[in-house]
Amino acid sequence: MAYRFNENDQFDHEILTALGSVWRHGADVGEVLATSAAVSDAGGETWFWTWAALGRRVREQGEKSAARGRSATARDAFLRAAGYFGLALVGVESCEDPRTRLCEVFGEHRDCFDRFARAWDPPAERVAIPYGGGTLPGYLMSPPGRPGPLSTVIVNNGSDGTVSSAWTLLGAPAVARGHRALLFDGPGQQSMLFEHGVTFRPDWEKVVTPVVDFLSARSDVDAGRIALAGISQAGYWVPRALAFEHRIAAAVADPGVVDVAESWWRHLGPELRGLWDSGDRDTFDQVVREALEADPALAAMWRRRARPYGVDSPYDLLAEVARYDVTAVARRITTPLLITEPEGENFWPGASRRLYDALPGPKALVCFTEAEGAHLHCEPMGRALFEQRVFDWLDARLAAGPPD
């Protein structure tokens with residue numbers, strides 16, 4: 001499919017993802033295409049303000065509908081507005097005073113998603129999952145007329161995805177099939193990072209196990225039918241957690257990730273990799289920082305990708321990312337795991353197959369192709385096909401009877 005909506009690769013992918021979310025009422029085709037045309041060759045700051053303006057217009061429409069008692073219209077408008085505010089945040093690092101802009105628009109994003117969640121039938125439950133000395137915030141979404149106990153899908157977000165995209169990508173299809181869906185922010189994700197300064201950790205079992213503990217203690221959750229499904233970088237976090245947490249009935253990694261750092265080195269190139277391997281920290285940092293100073297767009301992307309790790313030195317950052325590698329523990333995974341393999345995967349090409357080959361237990365590798373319109377990272381434009389293949393497999397393993 002020869003479609004290109006933006007010169008910036010990340011912005012282009014975000015537009016594809018927004019168009020795919022139309023399948024679950026997360027956007028409107030006309031709104032996305034009209035706004036995309038207005039920012040097709042714009043920089044990050046224009047991108048930020050343009051999508052934020054659309055989010056505010058749609059939110060205002062939702063408020064008017066809510067005031068008139070048009071609950072379905074209002075609910076859908078708040079979900080779309082949340083998604084557009086999330087799109088705006090992709091460009092926030094290009095703005096003056098990005099911290100202030102992030103706090104403002106992230107607050108608007110979450111407010112709109114909260115209003116959508118309250119308007120859901122039945123209304124979502126805001127939850128606080130005990131974690132360490134505090135809690136992880138989340139939303140427990142349920143299908144109508146199903147008091148439980150029900151099978152439940154834990155939706156594990158990626159490195160920088162919003163809760164609204166987690167809903168449209170995995171939460172909504174789970175609920176549509178009669179499961180509960182738990183959306184949550186883990187360390188380094190969204191509110192945990194932006195509002196509390198909590199950064200990523202590689203030992204993700206320390207995150208998933210408290211989530212499973214929380215769900216298992218609830219009377220409306222069938223503790224024997226809890227699934228874990230992850231998007232993007234969660235293709236690492238899901239198998240990492242499964243290597244240690246064995247109460248999960250089935251899991252999905254979209255796509256599979258073995259070594260998170262591969263996505264960084266693909267863009268940095270072999271010369272920088274050789275310099276990093278040499279251990280010359282000062283020279284590596286100097287070279288990278290000079291490159292970032294010469295390219296503001298690259299610098300904005302670097303800050304966005306680096307922020308969840310909480311490491312300033314480029315050399316030390318890559319050393320930290322290198323810890324996110326599932327190779328040493330993959331043989332411990334016994335949970336049935338479905339791994340997607342989209343054609344044209346640009347962050348971790350080949351990793352899905354390598355992860356699949358490393359697994360000793362029940363497994364499935366599901367391919368998505370360009371000919372089907374379901375290629376690229378996380379299948380942004382092939383959501384119906386994704387749901388058919390992935391959730392049919394997952395439903396069979398969460399059913400009360402034996403799987404297909």
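**Cis peptide bonds.** I looked up Pro-122 and placed it in the loop between α5 (98-119) and β1 (125-131), taking helices (H or I, at least four residues) and strands (E, at least two) as DSSP runs numbered from the N terminus. A cis peptide bond joins Asp-121 to Pro-122, with omega at about 0°. I noted another cis peptide bond between Asp-254 and Pro-255, where omega is about -5°, and Pro-255 sits in the loop between β6 (250-254) and α10 (262-268).

**Basis of the entries.** I am working on a predicted model, in which local features need pLDDT of at least 70 and side-chain atom pairs count only at pLDDT 80 or more, while totals for chains, interfaces and linings use all residues. Residues are numbered from 1 along each chain as its sequence is written, and side-chain values use heavy atoms, with hydrogens and water left out.

**Positive phi.** I found that Leu-376, although not a glycine, has a positive phi of about 75°, and that Leu-376 is in the loop between β8 (363-368) and α16 (383-398). Cys-378 lies in the loop between β8 and α16 and has a positive phi near 60°, being likewise a residue other than glycine. For accessibility I used buried for under 20% relative accessible area, exposed for over 50%, and partly exposed for values in between (1.4 Å probe, protein chains only). Leu-376 counts as partly exposed at 25%, whereas Cys-378 counts as buried at 8%.

**Cysteines.** I searched for disulfides (pairs of cysteine sulfur atoms within 2.5 Å) and the structure holds zero. For Cys-103, the closest cysteine sulfur is in Cys-95 at 13 Å, which is too far for a bond; Cys-103 is partly exposed, with a relative accessible area of 42%. Cys-378 is in no disulfide either, the nearest cysteine sulfur being that of Cys-367, 15 Å away.

**Helix α12.** I then turned to α12 (residues 281-294), which has 14 residues and reaches 20 Å from its first C-alpha to its last, close to the expected 20 Å, the expected span being 1.5 Å times one less than the number of residues. Its buried residues are Phe-284, Asp-285, Val-288 and Leu-292. Seen down the axis of α12, these buried residues fall within an arc of 95° and so line one face of the helix, the arc being that of the directions from the helix axis to the C-beta atoms. On the other side of α12, I recorded Asp-282, Glu-293 and Ala-294 as exposed. The buried residues of α12 pack against α10, α11 (270-278), α13 (296-306) and α14 (314-321), with contact meaning heavy atoms within 4.5 Å.
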